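Dear colleague,

I would be grateful if you read the two together.

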There are 2 protein chains.
Amino acid sequence: MGDSKSDGGSPIHRDLPVAIHSQISDGFRARIASGEWPAHYRLKSEPDLAAELGVSRGTLRRALTTLIDEGLLRQVRGRGTFVTSTMIEPAIAQKLSTLSEDFSSQGIETTTRVISCELIDPPRPVAALLEVPAGGSVMKLVRLRSTEQGPVAFLFNYVRTDFAPGIEDVDFASTSLFGTLEGRYGLRISSARRTFSAQAAEGEVAAQLDIPEGAPVQYLEQVTYLANGRPIEYSDVWIHSGRLRVTSMLSRR
Amino acid sequence: MGDSKSDGGSPIHRDLPVAIHSQISDGFRARIASGEWPAHYRLKSEPDLAAELGVSRGTLRRALTTLIDEGLLRQVRGRGTFVTSTMIEPAIAQKLSTLSEDFSSQGIETTTRVISCELIDPPRPVAALLEVPAGGSVMKLVRLRSTEQGPVAFLFNYVRTDFAPGIEDVDFASTSLFGTLEGRYGLRISSARRTFSAQAAEGEVAAQLDIPEGAPVQYLEQVTYLANGRPIEYSDVWIHSGRLRVTSMLSRR
């Protein structure tokens, strides 16, 4: 107990007028705040921690419950107790889910602002990747997604309208794009290629994400394909790296 | 033929002293160079392209073969002919492969320079994530990977030595880290959490990757676990986004 890397935090003072479970939760909270216990850190098992601190498991549990209620720790059945990440960590590099799907499955509340939604003659590289013939138009949808912390993602989506006529009239402030394509138009979204790189924020990207010009921003480019092999959607997405980290849980085999 | 978005490129001139297949390959090459046909663009089918250009399939094939030999196009059996990406696009967001494994499976030649390899008292967040007890040491391995274009990735790996005693004596200029852990030490690497974000390059990162201070760099943080659930390795990796893009091919279901 009390050595530089024990899990126990500061020693317990039984003569202080502060409940022991509060001393424990205060110590753990300080370690999380200092970064000594980083996001995803797994605490020692409850019996080991209780023994190390010289307290009962009931006292330890009370301290853990306090921190779980505060959102600093979370327990995963069969795996243990972990430090919660303060970052939104969507698994969009690993699964073909959308940011909005990932947010709602994690219980994160987001708001979406539709900045523009119109039919356009697509830029030529986009027309090529979407296999849009000469004179074809696509819907260009520009949105900003925010959490209570502020803007997290600025999205440009280009969608073929031959497979989804009238889609430009949908209110995308309250409806998801993939949901509309799959639900309303009955399209079978099958696969996508996503690439990730770092860019310097410029112009509208910096302004919308509320970061300085030139600051690093996570850029994601995507082409989405239907089950019949035809491309349906191309997107450019800029992500605020200070608020959202793309995460993959990967298996070796 | 000749309209602004046909796949045919410039019209064929049968009266020019340039072979028709060369006119076709020149036209396609110009579209690739201009970005009008971006990386991963799928060309129309050979029968459609030949009909549009008004040439035989044999002539078209000869033009395609020229561009395939130049590395500008590639054919994927059953899927078609695609514009090659000039970027290295490892699937490290999708698979728990390492950069070196991904490079060698794609036939990309890389060199590795070991900048340092030593036993250290780990930084506390690293010790916590690796579950290294007080006083434990880890191997810190610092490497720079380059292709013929220049540096592409600067890597810090922290490896638990209790599972791999003596690993600090391995020559990592010629040996892969995962290969050593799995082959020499018989460890079963099972899973990893990888997070991706954009950072501004600073100090040693900027210097090693040969990019200006403050320029955007793709940052990857990873914790790797063995089949027994114990963490074995933590890494920080900084990727030159101008030379390498992290790519995922994802399925919806």
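A salt bridge joins the side chains of A:E131 and B:R42, with 2.9 Å from N to O; the term stands for a side-chain nitrogen of Lys or Arg within 4 Å of a carboxyl oxygen of Asp or Glu. This pair crosses between chains: A:E131 lies in the loop between α5 (124-130) and β4 (138-147) of chain A, and B:R42 in the loop between α1 (20-34) and α2 (46-53) of chain B. Helices (H or I, at least four residues) and strands (E, at least two) are DSSP runs, numbered from the N terminus. B:R42 is buried, at a relative accessible area of 15%; buried means under 20%, exposed over 50% and partly exposed in between, with a 1.4 Å probe and protein chains only.

The model is predicted, and local features need pLDDT of at least 70, side-chain atom pairs pLDDT 80 or more, while totals for chains, interfaces and linings use all residues. Residues are numbered from 1 along each chain as its sequence is written, chains are lettered from A and ligands numbered from 1 in the order in which they are written, and side-chain values use heavy atoms, leaving out hydrogens and water.

Within chain B, the side chains of B:K44 and B:E52 form a salt bridge at 2.8 Å, N to O. B:K44 is partly exposed, with 35% relative accessibility.

B:R160 and B:D162 are also paired in a salt bridge, their closest N and O atoms lying 2.7 Å apart. Elsewhere, salt bridges with shared partners link A:D26, A:R29 and A:E70 into one network.

Over all chains, the count comes to 20 salt bridges.

With kind regards
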